[in-house]
Amino acid sequence: MAALTGLERVSGTVTRRPGTAWRGVVFALAAAYFLVPLGTSVWYTIHTPTAGVSFSAYGELLTADGFVRSLSLSLGLAVATIAVVLLLALPAMLAVRLFAPRLRPVMEVLCTLPLVVPPITFVAGIGTSLRNGTEVLAPTPFWATLIAVQDPAFPVVLVLAYVVLVLPFVYRSLDAGLRTMDVRTLVEAARNLGASWPYVLVRVIVPNLRSALASASFLTLALVLGEYTVASLLGYEPFAVWIVTVSGSKGQLSVAVSILSLLLIWLLLLAVSTVFGRKREK
């Protein structure tokens, strides 16, 4: 094989493997599958039969009623959901991996269970619990807390719902990251050197899970920005619900907002990937 490769180099001929052409065809088909609908959507937002090419739909974004409010609400819900789900999932997974490895199958089943529950059933249960809870807790001090978590300015109930919905994806991302490292050895070495448990978690475990944490964070961000069913049925208007509301009267504006959201998520993913890549090189 080495001699054959040398002869090919000397003679100046290049022999392509049979699979090279097929890989190019598959790549071209995949690119067309994603780019053609996206390009068609962009063309729909900038072209009208009467006015021709115009970027007025994108100019209306910043002045559209509810755009800034709904986008800021969704981003705030995303940040809160990421913080809550990571603070819950990572310590629990570490505890099971270190002290109770036999419970790993049980934890895996519990964390992936939301995948088999339809969102409509999930939100119906939440709505029923909120209505019954308001009546049951009315005579108690917890009634004010129940009302506070439903505040339209920042509905904490949506954060709790999104934590459950995104838990399977976060679990898979963190589990894949933990499988690539010897957690027990790292923890025992840090503890033997006198490090506390919070120090071990923040300074030893988290730096080795940068990629897994970034993956979990962006899956959560994508789910929160695109989730419609739970927020709509509970009566809130984050970004996805606002897009559907606007689409009834301004089709071009709603498609332009969708394209903007895709671009925003892509830019965030690119920025975080660049930052984590530089940290790895260092």
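Which helix gives the largest share of the lining of the largest pocket? The answer is helix 14, residues 251-281, which contributes four residues to that lining. Helices here are DSSP runs of H or I with at least four residues, numbered from the N terminus.

Before I continue, a word on the source. This is a predicted model, in which local features need pLDDT of at least 70 and side-chain atom pairs count only at pLDDT 80 or more, while totals for chains, interfaces and linings use all residues. Residues are numbered from 1 along each chain as its sequence is written, and side-chain values use heavy atoms, with hydrogens and water left out.

I begin with the open spaces. A pocket is an open set of points on a 1 Å grid over the protein atoms alone, with protein on both sides within 12 Å along at least five of seven lines; a cavity is a set of points where a 1.4 Å probe fits but cannot get out, and lining residues have an atom within 4 Å of a point. Points are joined across faces, edges and corners, and a volume is the space filled by probe spheres set on them.

The largest pocket holds about 180 Å³ of space. Its lining consists of L38, I259, L262, L263 and W266. By class, that is five nonpolar residues, with no polar and no charged ones. Nonpolar covers Ala, Val, Leu, Ile, Met, Phe, Trp, Tyr, Cys and Pro; charged covers Asp, Glu, Lys and Arg; the others, Gly among them, are polar.

The second largest pocket has about 160 Å³. Helix 14 again gives the most to the lining, with four residues, and at least two residues each come from helix 11 (210-226), helix 13 (239-247) and helix 14. Among the lining residues are G226, F239, S258 and L262. Seven of the lining residues are nonpolar, three are polar and none is charged.

My next topic is aromatic pairs. Rings of Phe, Tyr and Trp (its six-membered ring) pair if their centres lie within 6.5 Å; planes under 30 degrees apart are stacked, over 60 edge-to-face, and the rest tilted. The whole structure contains five such pairs. One of them is Y33 with F34, an edge-to-face pair at 5.3 Å centre to centre and 90 degrees between the planes. The rings of F67 and W242 are 5.7 Å apart at their centres with planes at 55 degrees, so this pair is tilted. Because F67 lies in helix 4 and W242 in helix 13, the pair ties together parts that are 175 residues apart in sequence.

Y33, by contrast, is exposed at 61%, as is F34 at 59%. Ring pairs also link F67, F239 and W242 into a cluster.

How values were computed. Buried means under 20% relative accessible area, exposed over 50%, partly exposed in between (1.4 Å probe, protein chains only).
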